[in-house]
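Here's a quick tour for anyone meeting this structure for the first time. Have a look at the sequence and the model, then read on.

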Amino acid sequence: GIMELSLDGTMAQQFAPFQGGNDALEPGPTSMAASCSTLYALSIDHALWGIDLKTKAQTALVTGLEGDLWGVAVDEKFVYVNRANAGGVTRISRSTLAVDKFGDGSNVFTMAVDAQYVYFDDHSTGAIKRIIK
């Protein structure tokens, strides 16, 4: 499940049981990022889940994503997912759930998003790249 911790780390309670994933060894999300209203969570079964922060309702937003999904970032328009061992970054529209792939040819393990760019590593070469959102 997804845990909720107190600021001092002394109290932990479950925020929500995670409905995604299909691996007994890795039943929780592989990565999470939050907007003001939604917690986005990646699962081992190649899906992006949306969890409503108020109601805790969970929906598989996009399934069948490519690559090993270990990183997620969010901005006002998109959710960004890395494609480790598959190459590139997947950008998913928060409003339409349309999927767009960019940065192909890069083996992306980490990424960061600012107001103008998506920064990502090419784990195969050691280069840090960026692309205009």
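## Salt bridges

A salt bridge here is a side-chain nitrogen of Lys or Arg within 4 Å of a carboxyl oxygen of Asp or Glu. By that rule, this predicted model has four salt bridges. Side chains of opposite charge can pair when their charged atoms come close.

Let's start with Lys101 and Glu66, whose side chains meet at 2.4 Å, N to O. This pair links distant parts of the chain: Lys101 sits in strand β10 (residues 99-102), while Glu66 is in the loop between β6 (58-62) and β7, 35 residues apart. Lys101 is partly exposed at 37% relative accessibility, and Glu66 is partly exposed too, at 41%.

Next up is the salt bridge between Asp75 and Lys133, at 2.7 Å, N to O. Asp75 is in the loop between β7 and β8 and Lys133 is in the segment after β13, so this pair ties together parts that are 58 residues apart in sequence. Asp75 is buried, with a relative accessible area of 11%, whereas Lys133 counts as partly exposed at 25%.

## A sheet of three strands

Now for a sheet. Three strands make an open, antiparallel one, in the order β11-β12-β13. Strands β11 (111-113) and β13 (127-132) are at the edges with a single partner strand each, so one side of each has no neighbour in the sheet. From one strand to the next, the twist averages 20°.

Three bridges join β11 to β12 (residues 117-122), and Val113 stands opposite Val118 in β12. There's another salt bridge to spot here, between the side chains of Asp122 and Lys129 (3.3 Å, N to O).

What about the inside? In soluble globular proteins, nonpolar side chains tend to be buried together. The largest nonpolar core in this model has twelve residues, among them Ala33, Tyr40, Leu42, Leu48, Leu69 and Ile92. The elements that give two or more residues to this core are β4 (38-43), β7 (72-74) and β8 (78-82). A second, separate core has nine residues, including Ile2, Ala16, Ala41 and Ile51.

Which residues does Leu42 touch, leaving aside its neighbours within four places in sequence? Its contacts include Phe18, Pro29, Ala47, Trp70 and Gly71, as well as Leu48, Leu69, Val72 and Val81.

Note on methods: Residues numbered from 1 in each chain as written. Predicted model: local features only at pLDDT ≥ 70, side-chain atom pairs only at ≥ 80, totals over all residues. Heavy atoms only, no water. Core = buried A, V, L, I, M, F, W, Y, C linked by side-chain atoms within 4.5 Å. Buried < 20%, exposed > 50% of the residue type's maximum accessible area, 1.4 Å probe, protein only. Helix = DSSP H or I, 4+ residues; strand = E, 2+ residues; numbered from the N terminus. Contact = heavy atoms within 4.5 Å. Pairing = 2+ DSSP bridges. Axes fitted to C-alpha atoms, helices over the stretch in contact; angles between N-to-C directions.
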